[in-house]
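Hi,

Here is the structure you are taking over. Please open it first, then read my notes below.

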Amino acid sequence: MFFHQRCGGSQSRLRTQQHHTPQHHTPQHLTLRTVCNKSMVCGMNPLRSIALTLAGLAVLTVSACGGSSGGSSGGSGSSPAEDEEGQAELSVVTSTDVYADLISQIGGDAVEVQALVTSTATDPHSYEATPQDRLAVENADVIIANGAGYDSFITQLASAAEKEDAVHQVAEGSAEHDHDHSHDHEDGDSYQNEHLWYDLARMEQFVLEVAEHLGQLAPQHAELYAEGAEELAEQIGALDERSQQLQASGHSYLATEAVSGYLLEHAGFDNRTDPAFLSAVEHGDDVSPRLYRDALQRSEEVDLLSYNAQTETQQASRIRDAAQEASAVVVEFTETIPEDSAGYLEWMESNIDTLEAALQEAQ
Ligand SMILES: [Zn+2]
């Protein structure tokens with residue numbers, strides 16, 4: 001990844017089974033295993049990756065490792081660092097690398113971005129902030145949180161630093177869009193999916209909104225932010241369109257965790273997961289024996305199992321085994337950007353590729 005890397009260990013915890021598979025475009029030869037891994041393996045364009053990495057290095061000025069950089073690391077508050085022309089640069093801290101990548105693509109060199117959670121080996125739902133995270137939030141001009149209870153570790157740090165005003169919550173954006181999410185509230189047990197970055201239409205709106213916000217804080221860069229956001233929104237919009245053309249209607253899915261829900265539902269998949277199950281999982285508990293038995297049963301009836309590889313539990317892996325035995329196609333998703341993906345766009349494109357292959361498998 002090209003963002004701030006935490007000191008010690010995140011590299012060694014990277015998945016080691018990831019290899020580029022040449023079967024990327026031959027879904028008829030996919031085994032279950034390659035479908036499972038594909039979202040984390042394929043789709044890398046090396047040249048683009050290198051270019052993005054170089055672009056990322058240019059904005060990599062804040063580091064929690066060693067503490068010698070970061071401009072305002074002396075704890076002198078949030079006065080922005082100055083760039084070559086003596087103009088203030090915005091320092092942005094985000095809860096996960098998903099939002100850091102989007103901000104970085106909007107702002108390029110005219111913004112400093114740091115994510116607190118940067119590895120798929122870390123479950124953001126149960127993440128505990130470090131002293132370095134606290135320092136980063138204290139020194140940030142803008143703090144980006146997903147909100148909706150997903151990443152309270154960062155909003156709590158902001159509150160402790162009395163920087164609530166600097167927090168921009170994606171969940172509180174004015175993003176109204178066309179999709180009908182009423183199915184999230186069926187069955188009495190309401191469950192509102194908090195994984196907003198899998199909702200491509202919503203991200204299209206978010207990047208435009210946040211660029212405007214950043215432009216108000218750094219008017220000298222407003223035009224650059226707006227241009228970056230428009231280009232990015234267009235690319236996200238194209239992916240959204242592609243996802244809706246997958247023609248998954250008539251196919252059902254079960255999820256071990258809600259993560260990819262918006263993407264699957266916009267593609268037309270029919271969600272057979274009990275909202276009460278998703279709600280219990282999100283609260284970090286093992287689900288009740290009744291819900292667990294029910295999920296095991298449903299796993300044998302669906303076409304696809306959406307498996308969250310970043311929030312693994314024993315129950316989830318047993319549901320996965322049951323689904324595999326019953327010949328459902330198992331597709332892995334993650335909360336944050338996989339280490340072998342160049343960024344949000346490539347990651348989401350790869351997710352759509354995976355779903356497309358899974359649909360062919362499920363025919
Ligand atoms: Zn999650």
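Two strands pair if DSSP finds at least two bridges between them. Helices (H or I, at least four residues) and strands (E, at least two) are DSSP runs, numbered from the N terminus.

The model is predicted: local features need pLDDT of at least 70, side-chain atom pairs count only at pLDDT 80 or more, and totals for chains, interfaces and linings use all residues. Residues are numbered from 1 along each chain as its sequence is written.

Now the sheet. Four strands form an open sheet in the order β6-β5-β7-β8, with parallel pairing. β6 (270-271) and β8 (329-333) are at the edges; each has a single partner strand, so one side of each lacks a neighbour in the sheet.

Next, look at β7. Strand β5 (residues 252-255) runs parallel to β7, and three bridges join them. There, L254 stands opposite L305 in β7. Strand β7 (residues 304-308) also pairs with β8, in the parallel sense, over five bridges. Y307 has E332 in β8 as its bridge partner. N308 has F333 in β8 as its bridge partner.

Is β7 buried or exposed? Five of its five residues are buried (20 or more other C-beta atoms lie within 10 Å of a residue's own, with C-beta atoms placed from the backbone). In a regular strand the side chains alternate between the two faces of the sheet. Both faces of β7 are covered: L304, S306 and N308 are buried on one side, L305 and Y307 on the other.

Best wishes

Definitions and conventions. Buried ≥ 20, exposed ≤ 12 C-beta atoms within 10 Å, placed from the backbone.
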